[in-house]
Amino acid sequence: ASSDDNVESLIAHEIAHQWFGDMASEKSFPHLWLSEGFATYLTHIYLESKYGTDSLNKRMRDDRDEIIAFAKESNRSIVDSISPLMKLLNTNSYQKGSWVLHMLRRQLGDTIFHRIIRNYYAAYSGKNADTRDFERICEAESGKDLHVFFDQWLYSPGLPHLEVQWKYDDGKKTVLLTVNQRQPKMFVFPLEIEIWTGSGGKTRTQILSVTTQSQQFSIPVPAKPLQVILDPSTSLLFEGSARIIK
């Protein structure tokens with residue numbers, strides 16, 4: 001990024017703090033992501049509105065790389081009572097907190113997500129909130145039970161490490177795909193895949209609901225795929241790739 005890009009990002013980040021961090025503040029330092037994760041992601045949203053979704057996706061991929069590297073050095077969750085408190089000014093509070101908001105947005109949709117942000121601010125403007133307060137706002141606006149989402153992404157360390165294997169059954173015209181989670185604690189999440197077939201370069205996207213440590217999926221596809229791509233829309237915080245097995 002150029003210095004101009006960095007300056008624009010920094011200014012947007014600090015302006016976002018007028019709302020999240022200054023006006024609506026966290027009750028205690030373990031919930032610092034409610035300031036820094038919010039300012040980080042709202043900066044991304046501003047830059048997305050100015051430069052487009054491709055720009056957002058690149059920034060999220062760059063942040064994801066930083067989170068993966070940080071997770072290898074730190075076995076800490078986002079909501080964390082580590083001391084001294086300045087140690088909370090880390091990748092978990094900034095980039096990973098931002099990624100949690102991004103996944104909420106992708107899973108709930110833009111309309112509900114923006115309503116959540118507005119209503120959370122309305123409820124806690126001039127007040128203090130913690131992560132469970134934000135969770136209650138999210139559940140009220142989405143009508144969904146988000147306890148598992150919050151527990152695994154905010155109160156547990158790490159992220160999914162995926163080994164995805166696939167093969168094509170020509171007789172049944174299906175892709176047989178296995179998703180293995182290699183990290184110690186199992187996560188539950190939607191995984192979008194894109195299947196490239198040889199018939200005119202066509203693609204098919206499908207969202208898989210991953211709910212176990214090792215899971216198999218059978219997906220009808222008319223011709224043998226050239227490639228299976230994980231998370232084409234940059235919607236999931238994970239590490240891993242897909243490979244074909246003979």
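These questions and answers walk through strands, helices and charge pairs in a predicted model.

Me: Is strand β4 largely enclosed or open, and how many of its residues are buried?
Reply: Strand β4 covers residues 174-181. It is largely enclosed by the rest of the structure, because most of its 8 residues fall under the 20% cut-off for buried. The buried count is 7 of the 8.

Me: Which strand is joined to β4 by 8 bridges?
Reply: The partner runs antiparallel to β4. In this pairing, L162 stands opposite Q181 of β4. The strand spans residues 161-169 and is β3.

Me: Which residue in the hairpin of β3 and β4 takes a positive phi?
Reply: The hairpin has 4 residues between its strands. The phi in question is near 55°. The residue is K173.

Me: What is the bridge partner of L176 in β7?
Reply: Strand β7 covers residues 214-220. It runs antiparallel to β4, and 7 bridges join the two. In β7, L176 is partnered by S218.

Me: What span does helix α3 reach from its first C-alpha to its last?
Reply: Helix α3 runs over residues 53-73, which is 21 residues. At 1.5 Å a residue, 30 Å is expected. The model comes close to that, at 31 Å.

Me: Which elements do the buried residues of α3 pack against?
Reply: The buried residues of α3 include S55, L56, M60, D63, R64 and I67. Residues three or four places apart on an α-helix point the same way, because a turn takes 3.6 residues. The buried residues of α3 pack against α2 (33-51), α4 (92-108) and β9 (239-244).

Me: How much accessible area do V7, I11, I15 and W19 have together?
Reply: These four residues form a nonpolar patch on the surface. V7 sits in helix α1, residues 3-16. V7 counts as partly exposed because its relative accessibility is 46%. Together the patch has about 370 Å².

Me: How many residues apart in sequence are the parts tied together by R115 and E141?
Reply: The closest N and O atoms of this salt bridge are 3.0 Å apart. R115 lies in helix α5 (residues 110-124) and E141 in helix α6 (residues 131-142), so the pair ties together parts that lie apart in sequence. Both count as partly exposed, R115 at 32% and E141 at 21%. The separation in sequence is 26 residues.

Me: Which residues are linked with K27 in a network of salt bridges?
Reply: Side chains of opposite charge can pair when their charged atoms come close. The model has a count of 15 salt bridges. In the network, K27 is linked with D130, D133 and R136.

Note on methods. Residues numbered from 1 in each chain as written. Predicted model: local features only at pLDDT ≥ 70, side-chain atom pairs only at ≥ 80, totals over all residues. Heavy atoms only, no water. Buried < 20%, exposed > 50% of the residue type's maximum accessible area, 1.4 Å probe, protein only. Pairing = 2+ DSSP bridges. Expected span 1.5 Å × (residues − 1). Contact = heavy atoms within 4.5 Å. Patch = residues over 30% accessible without salt bridge, like charges linked within 9 Å, V, L, I, M, F, W, Y side chains within 5 Å. Areas by Shrake-Rupley, 256 points an atom, 1.4 Å probe, with all protein chains shown as cover. Salt bridge = Lys/Arg side-chain N within 4 Å of Asp/Glu carboxyl O.
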